[in-house]
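Here are my notes on the helix packing, jotted down as I went through the model. Have a look at the structure, then read on.

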Amino acid sequence: MKGFLVKDARLIWHNKRLFLIMLVVSLFALWKTGSCSFIIAYITMIGTLLAVTTISYDEYDKSIVYLMTMPAGRAVYVAGKYIVMFGSSLIGTALGTLTCIIMYPELAMDIAVQAGVICAVMVPLQLVMMPLQLKFGGEKGRMVLMGLLASVMVIAASLEDIMAFVFGSYEVGLAVVDDSIEKLRSMPAVAAWVFIAALCVALFALSFQISRKIVQKREF
């Protein structure tokens, strides 16, 4: 495990210039727009993508063949990828949050809440990205991910028609969604976060098992 983590950390550090450029762009965008949530989400996504691209590097020079012969095994390789992905994205979140707090100290609590919400939203996306990248590899994985994002955009654009089909009318569907949100808001803060954490753990277990089976069945 340690060898996998060190290797991926070095690969990410090799791309430090790209990360610094993105950080400068984020600072400029923050200065122009003042949108802390966008900046935190942007840097978090950059950290996630830097971690996910280590899979492409493994396959680019065929080093994946050597890695699969190591005693640690394929399951440990997959676990290492998840650790690197979550760690890199958390570092990105921390950098984005710290930057926003330094620039807007009076909004520190609001910025911290925004960072927590962004992390909760990013986790499901990360748990989908990892199996896709392990299944299809570099170029194909990016194409599939773009197709998935495009599908999400189409669904979002057709949300009114979908809700009308499911609930009979858009207004009824909207009322159901509002009622669910109100029930979630009425929950104690601790209970809400426990529910979110439990959901994330369940999604992680499912994603990890899918990724493990993908890597175990692949022939390198």
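1. Start with H1 (residues 2–14) and H5 (residues 74–103): their axes cross at roughly 40° and come within 9 Å. Axes here are lines fitted to C-alpha atoms, for helices over the stretch in contact, with angles from 0 to 180 degrees between N-to-C directions. Helices are DSSP runs (H or I, at least four residues) numbered from the N terminus. That angle makes H1 oblique to H5; under 35 degrees would count as roughly parallel, over 145 as roughly antiparallel, 65 to 115 as roughly perpendicular, and the rest is oblique.

2. Before going further, a caveat: this is a predicted model, where local features need pLDDT of at least 70, side-chain atom pairs count only at pLDDT 80 or more, and totals for chains, interfaces and linings use all residues. Residues are numbered from 1 along each chain as its sequence is written, and side-chain values use heavy atoms, with hydrogens and water left out. The protein averages a pLDDT (the predictor's confidence in each residue, from 0 to 100) of 76, and 77% of the residues score at least 70. By element, the lowest mean is 66, for helix H2 (residues 16–33), and the highest is 85, for H5.

3. Back to H1 on H5: the crossing is right-handed, meaning the near helix is turned clockwise from the far one by less than a right angle. On the H1 side, the contact (heavy atoms within 4.5 Å) uses Phe4, Leu5, Lys7, Asp8 and Ile12. Seven nonpolar, two polar and three charged residues make up this contact. For those classes, Ala, Val, Leu, Ile, Met, Phe, Trp, Tyr, Cys and Pro are nonpolar, Asp, Glu, Lys and Arg are charged, and the others, Gly among them, are polar.

4. How does H1 sit against H3? The two pack at about 105° with axes 9 Å apart, so H1 and H3 are roughly perpendicular. From H1, Lys7, Asp8, Leu11 and Ile12 meet Leu50, Ala51, Thr54, Tyr57 and Asp58 of H3. That contact splits into five nonpolar, one polar and three charged residues.

5. H3 and H5 cross at roughly 155°, and their axes come within 8 Å, which makes H3 roughly antiparallel to H5. This crossing is right-handed too. Among the residues in contact are Ile39, Ile43 and Gly47 of H3 and Val84, Gly92 and Gly96 of H5. By class there are 11 nonpolar, 10 polar and two charged residues.

6. Just after H3, Lys62 has a positive phi of about 65°.
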